[in-house]
Amino acid sequence: MTGGLVCTVSTVKDTLPRVQRFVAGNLAGGVDHLFVLLDGAGPDVRAWCDDHPHVTCIRTDQAWWQGSRPKQLNERQRINANAVQAALREVGCADWLFHIDGDEVAQIDRDRLAGAPPTTPAARLGVLESVAQAQWDGWPTWFKRPLTEDELSLVATLGIIDAPRQGAYFHGHAEGKTGVRPGAGAWLTLHDPIDEEARGVDTWVDPSLRVLHYESYSGEEFVRKWMALIDAGPALRLRPGRQGTQGAVRALRDLALPPEVTERYLLRIFEETTADDFDALQELGLLVEADPDRGTHQPAALDGATRSALDRAVVAVTAEPKSSFRPPAKRPIDRDGEPHATDRPLAKAMRRLRPR
């Protein structure tokens, strides 16, 4: 195999049924191979991922972090994504690597993706966010799309949201997610790929590329997700609209109330901060129906030689200091007005993985 795969990379900490659905949805939606980096999971999740032919499972344990595990989940995600990019560059089996979360399902029209300009290093997945209700009868199939300025004014005037802003309408991110051509010189971040100067890179956009974000779609999911975020590490970076919710959930947890009391108030926080007016949004025609179970993509399989090469590349990136894969930050300016030079461009970090 010389290329052509569309891959995803995700840092995951979840239950087996949710991981199974995550994998199945992405494979049906246009992905060929998933890199699942376990930030903490039970042995059942590890065993299932290890046995799946379209999954490469990486344990981000002591051997991976070598005693330098970042405290922030966001930083761990960025490093993990670029370590996988380095491995894929060495093997040369993938055309694209998209960085998504464990509660997201990519829906990629492969024919349209093939039409991306060959010199463009990145592509964007627009986001659809699941409508938040107290309960769903099955898996959510109705999603909110980004609204125009006039539509935001409408729903704000109707009292459906507090302010005419996308950030008030979406409970999670509104930027979408992106992928890069492995080795094209772009670093993966949470949302926007950057170059070695920490500047944005040319990113191809097409409406057929999107990601379904299952963001706190029910009261139960809200409780699970926010407790996991609170436990993921200190100083988790969230946009301003979510920081108040984070503080409220943390305060409630720290009160050490009886479990049934904690759950009751967590559900109240969900109703106050997250629940959507489904009936109004649907009547206004602002929702989109999408069901990953209807996906028809048949993922390409790795042949034996490619699988062996990929396994060797994963061993190589595991042995590397993970600072090699940390995306660059904005550089300080020298006295002459020029940015400081760097000695760790992405290409150099990747070249270190080649057999000596």
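Predicted model: local features only at pLDDT ≥ 70, side-chain atom pairs only at ≥ 80, totals over all residues.
Residues are numbered from 1 along each chain as its sequence is written. Local features need pLDDT of at least 70, side-chain atom pairs count only at pLDDT 80 or more, and totals for chains, interfaces and linings use all residues, while side-chain values use heavy atoms, with hydrogens and water left out.

The count of salt bridges comes to 22. A salt bridge here is a side-chain nitrogen of Lys or Arg within 4 Å of a carboxyl oxygen of Asp or Glu. R112 lies in helix 5 and D206 in strand 9 (residues 203-213), so the pair ties together parts that are 94 residues apart in sequence. Helices (H or I, at least four residues) and strands (E, at least two) are DSSP runs, numbered from the N terminus. D206 is buried, at 7% relative accessibility. R112 is partly exposed, at 43%. Buried means under 20% relative accessible area, exposed over 50%, and partly exposed in between (1.4 Å probe, protein chains only).

Helix 5 (residues 110-113) also holds R110. R110 is partly exposed, with a relative accessible area of 24%. The C-alpha atoms of R110 and G30 are 6.4 Å apart in space, and the two residues are 80 apart in sequence.

R18 pairs with D14 in another salt bridge, with the closest N and O atoms 3.0 Å apart. R18 is buried, at 17% relative accessibility. D14 is buried too, at 16%. The side chains of R294 and D291 meet in a salt bridge at 3.8 Å, N to O. R294 is exposed, at 60% relative accessibility. Salt bridges that share partners join D14, R18, E221 and R224 into one network.

Two packed helices are described by the angle between their axes and the distance between the axes. The axes of helix 4 (residues 73-91) and helix 12 (residues 304-319) come within 9 Å and cross at roughly 135°. Helix 4 is therefore oblique to helix 12. Axes are lines fitted to C-alpha atoms, for helices over the stretch in contact, and angles run from 0 to 180 degrees between N-to-C directions. Angles under 35 degrees count as roughly parallel, over 145 as roughly antiparallel, 65 to 115 as roughly perpendicular and the rest as oblique.

L154 lies in helix 6 (residues 149-157). L154 is partly exposed, at 38% relative accessibility.
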